[in-house]
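User: Could you walk me through this model? I'd like to start with the overall picture and then go into some details.

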Amino acid sequence: MRQERDQRTTQPQRATLLRRAHELLESIGQPTSEELLIKHLFGAEAQAGTHAFWTTLLRQTLRSSTLFAEVGAAEGGLRWSLAAWRTTHQQLDEIEFVVLDTETTGLRPGSDRVIEIAGVRLRGGEAIGSFQSLVNPCRRIPPFITQFTGITQDLVNMAPTAQEVMPEFLRFIDGAIIVGHNLGFDIGFLTYEAQLQGQAFPLDGLDTLPLARRFLPDLKRFKLELVARHINISTSNFHRALNDARVTAAIFLHFLALAKQQGICTLAHLRRRLQLPVAWSGDITHITSAEQSDNWRADGKLSATAAASARPTGSLFLNAAWRHDFPDHPGVYLMKDASGQVIYVGKAKCLKERLASYYNHPLGYTRKMDGLLQSVKEIETRVLGSELEALLVESQLIKALQPMYNVQLRNYDLYPFIKIDTQHAFPRVYATKEVAADGARYFGPFRSRRVVDLTIELVQKLFPLRTCTRGLPPQAKPSEPCLRLHLDRCPGPCRGGIDPAEYRRSIDQVCAFLGGEREDLLERLRRQMFEAAQNLNFERAAWLRDAIRCADEVLIGQRLITGAVEANNLFIVYPSAQQGCDELFLIRHGRLVQQQCVAHEPTALCDGVREMLALARTSADAPSIVGQAEVDQINIISRWIHRHSDDRAFFPFQAALADEAEERKLIERIWVEIDAVRTLPTAMEDTEKAEGVV
């Protein structure tokens, strides 16, 4: 009896130690020495007389969990890291995955328990093993669960308990990335069951639910059976763990194949792609009455008949004959009043569809439309080669013509940047609205000051950097450090005696992070978010979610347009609105230098790319000071790249490709990828939001 009581006491203690070790490694973000781990976990110094004891205890503790990995010997002992870090840059074909599923007595871990666990282990696109076991929950199974799953009380009464099953299942998933459909549900239950045994369960993985939203945008509902049916995967005996795991595994392999076609090769790249916004599918989940449902189309939008009966529409004021002349191409449109004055400028990926929507637009539906359609006496259209060109031309026209109904783009916005003065021995990271050739690093433009502040706050939490503007030794006298030093948020250069080289390494990491090169840091934040949610720390989880969302949006664009104000060269090749043609964009220093429409055939594309390369070689260097017009253009291009980064039509290049073989390889790669893009459904979304109408 005493032995059992001691065992129950030891298990929670080990779980607490593992949690503390996990938190420390997450906060540091890199392999850590045993000396620091011993001090953090046990509150003890590994002195000469006790070093062997504490080291043995630490290693026994960490080796009991698959969350930790030894990364080689260091002075004074081993170094430890999180096992999940090893897969950040691995190719998807090299990673082993375990697709799991559970059946439970209900929906809440703790009050409800697991009754069946199953998993399928995958590697290189093939199943290499499976696991399945019923679990005795030591409580009654509700009748509706038996009806739902087919698992009866008699079946589980004969099954092993979670105490027997969990260690075996943890060995089965050891070293693999877990995958599931609505994975958070399964993780919640398995984490609870593991903690009861003093074990730790992985808190992160890949969820096929957001993968389905990303790769199947036309699907309105994403239940497992509906996704399987949509991609022609045979199903049987749903709501049994092993069968569901096998179906989920087949779906996951299908998504990996789609990801590979889109150039997604690493786990970090796949997770980063899942942060991008997903097109709304139009799913209507609730309609209050039969009368209301008659007014809604199947795609979830108010029918034209119902809208017209509710209030008058733009068709009362717009000439019906104009509709026949609207072109079916991307471009800009200029609405004019009786005196020929342009009162509104807009853009569209399809002018015909966009302008036709004004005829059905209810008057008075929003204040921003008040008076516009009543004043329109003429609509001029200008066909352009692509949505990107339309965005740039729209911005230029609005600033030049100052239409009364355009507000958002009428003036140059003072887009914020993040500045790091790398000329200083101990640089700060701060926001600025001015960009100059002063040797500093600039990152941006950001869409708002709030995103900048959130990103800077994130950087200051991840890296130990100074934030104050006080003078530093030796020019100034040493001063008393602030609270950030005691929180390990700043090394305290104000005290003096700090190594600038060590500080510079942190700055280099910050620049790599803001430049989209440190995918592992975002991975760490995502794991912290999952862990906070599992610990019911929803406030911290929400903060991390918002921080990841804002930072990720910026960093995805920065991956392609890093340091746009310094030196960025980029080809954008995109299917043209003109039949059988492609649009070529040459981006230099983040700005559009030239656009060209060429026929979609190898010779024409080759000639067009070579002409642009010649132009890039002779283009001037980046200006010493970036004006607001250029910043505005950089911001438009950066946002457009962010929305279309899965189109695989972006090609960074060196301006001076002296080697003819390198030039030929670039041209061949451009042809292969644009040919693949043309076979995909168009990714262009009409993002007009009434476009700044007052």
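**Overall picture and local details**

Analyst: This is a predicted model, and buried residues make up 50% of the 694 residues in the protein.

User: How many helices and strands does the protein have?

Analyst: The protein has 24 helices and 18 strands. Among contacts between residues at least 6 apart in sequence, 67% join residues at least 24 apart.

User: Let's turn to aromatics. How many aromatic pairs are there?

Analyst: The count comes to nine aromatic pairs. One of them joins Phe131 and Phe172, whose ring centres are 5.7 Å apart and whose planes stand at 35°, so the pair is tilted. Because Phe131 lies in strand β6 (residues 126-134) and Phe172 in helix α6 (residues 162-173), the pair ties together parts that are 41 residues apart in sequence.

User: Are Phe131 and Phe172 buried or exposed?

Analyst: Phe131 is buried, and Phe172 is buried as well. Phe172 also forms an aromatic pair with Phe169, and this pair is stacked, with 6.3 Å from centre to centre and 25° between the planes.

User: Where do Phe169 and Phe172 sit relative to each other in helix α6?

Analyst: Phe169 and Phe172 are three residues apart in helix α6, so about one helical turn separates them. In general, an α-helix has 3.6 residues a turn, so residues three or four places apart point the same way. Phe169 is buried, like Phe172, and ring pairs link Phe131, Phe169 and Phe172 into a cluster.

User: Which charged residues lie over tyrosine rings?

Analyst: Among them is Arg323, whose charged end sits over the ring of Tyr359 at 4.6 Å from its centre. Another is Arg428, which lies over the face of Tyr430, at 4.5 Å from the ring centre.

User: Switching to cysteines, how many disulfides does the structure hold?

Analyst: The structure holds zero disulfides. For Cys468, the closest cysteine sulfur is in Cys494, at 5.6 Å, which is too far for a bond. Cys468 counts as partly exposed because its relative accessibility is 22%.

User: What about Cys597?

Analyst: Cys597 is in no disulfide, and the nearest cysteine sulfur, that of Cys581, is 4.1 Å away. With a relative accessible area of 36%, Cys597 is partly exposed.

User: Back to helices: what span should α7 have, and what does the model give?

Analyst: Helix α7 (residues 183-196) has 14 residues, so at 1.5 Å a residue it should span 20 Å, and its end C-alpha atoms are 20 Å apart, which agrees. The buried residues of α7 are Leu183, Asp186, Ile187, Gly188, Phe189, Leu190, Thr191, Glu193 and Ala194.

User: What follows α7?

Analyst: Gly198 follows α7, and its phi is positive, near 75°.

User: Which residues have a positive phi without being glycine?

Analyst: Cys138 is one of them, with a positive phi of about 60°. The place of Cys138 is in the loop between β6 and α4 (143-149), and Cys138 is exposed, with a relative accessible area of 61%. Gln402 is also a non-glycine residue with a positive phi, of about 50°. Gln402 lies in the loop between α16 (387-401) and β12 (417-420), and with a relative accessible area of 37% Gln402 is partly exposed.

Conventions. Residues are numbered from 1 along each chain as its sequence is written. This is a predicted model: local features need pLDDT of at least 70, side-chain atom pairs count only at pLDDT 80 or more; totals for chains, interfaces and linings use all residues. Side-chain values use heavy atoms; hydrogens and water are left out. Helices (H or I, at least four residues) and strands (E, at least two) are DSSP runs, numbered from the N terminus. The expected span of a helix is 1.5 Å times one less than its number of residues. Buried means under 20% relative accessible area, exposed over 50%, partly exposed in between (1.4 Å probe, protein chains only). Contact means heavy atoms within 4.5 Å. Rings of Phe, Tyr and Trp (its six-membered ring) pair if their centres lie within 6.5 Å; planes under 30 degrees apart count as stacked, over 60 as edge-to-face and the rest as tilted. A charge sits over a ring if NZ of Lys or CZ of Arg is within 6 Å of the ring centre and within 35 degrees of the ring normal. A disulfide is a pair of cysteine sulfur atoms within 2.5 Å.
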